[in-house]
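Try each task before reading its solution.

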Amino acid sequence: MRINEINERIEKAERYILVAVSTDDEEKAWRSLDELAELLDTAGGETACQVVQNLQHPDRGTYIGKGKALEIREMLEVQEAAGIICDDELSPPQLRNLSDLIDSKVLDRTMLILDIFAAHATTREGKTQVEIAQLRYRYSRLRGMGDALSRLGAGIGTRGPGETRLETDRRVIQKRIKILSDDIEDMKRARNTTRKKRSSNAVPTAAIVGYTNAGKSTLLNRLTSSEVLSEDKLFATLDPTTRTAVLPDGQTVLFTDTVGFINKLPHNLIDAFRSTLEEAKYYRLWMHLMRIQSFTCRSSGTL
């Protein structure tokens, strides 16, 4: 990467404070924030700092409690951060109240993941699935999120084909979801036809599965002498990729690099990608790659 490209990235990178609530295992909360930081890096953002709030349960009104929210409001100015990203999916009241208290941009884990998927989907099916997930997420939150959503502006959390204005009528969103779902069904039927042809040719199939950024694309490249995009980022590749390999005994095998796993994967994404995920049950062999994570402990707040 050239020096001017690096400088441009630094200048444009949005900085965020990452926030999590720990109800039992604080180390688990810190590990989850480390993963959230990787997601933010993939989205093109930068982590200003991380905060864990120890509570018996997430505050129903503000997620982290009013006192901690006001404390973070001061941290935002000190850290020169654009806003905060919460490590759980926020309810509409939590998003609205937290936005009012810190008077800044508030995102949650689901919004960040949807943003990454919107940026990385390249195939027609992938883009359609992401748009469905985004529309379902926004549809369930149109009521009670008005001021909070209007404060988001541009940048991380607002990209992709699923962007909708607050004034969009819910019936319009429902109609759009129906059209996209019908498109997915058409693609599913086409995929079923392709799979039947493969079955008739008796070519063995193998799925490479595992955590995102575990090295699935790298393994696919090694096995098949391909040049599939492989980066040290979460969800660098989103759409499943299939390549052919000839084994030493002359046997031909189709290897597929699948969508990676991640903790707290949004339900809307699981539902939208169901037809693609169901393809896994038709593979003859699963190759599961494990990812070793490291973490560091930090100080936290207790209420």
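**Exercises on salt bridges**

**Exercise 1.** Find the partner of K178 in a salt bridge, and give the distance.

*Solution.* K178 pairs with D182, and their closest N and O atoms are 2.8 Å apart. A salt bridge here means a side-chain nitrogen of Lys or Arg within 4 Å of a carboxyl oxygen of Asp or Glu. Helices (H or I, at least four residues) and strands (E, at least two) are DSSP runs, numbered from the N terminus.

This is a predicted model: local features need pLDDT of at least 70, side-chain atom pairs count only at pLDDT 80 or more, and totals for chains, interfaces and linings use all residues. Residues are numbered from 1 along each chain as its sequence is written, and side-chain values use heavy atoms, leaving out hydrogens and water.

**Exercise 2.** Work out which parts the salt bridge between D87 and K264 ties together.

*Solution.* Start with the contact: the closest N and O atoms of D87 and K264 are 2.9 Å apart. D87 lies in the loop between β3 (83–86) and α4 (92–102), and K264 in the loop between β7 (252–257) and α10 (267–272), so the pair ties together parts 177 residues apart in sequence.

**Exercise 3.** Is D87 buried or exposed?

*Solution.* D87 has 1% relative accessibility, so it counts as buried. The cut-offs are under 20% relative accessible area for buried, over 50% for exposed, and partly exposed in between (1.4 Å probe, protein chains only). K264, at 41%, counts as partly exposed.
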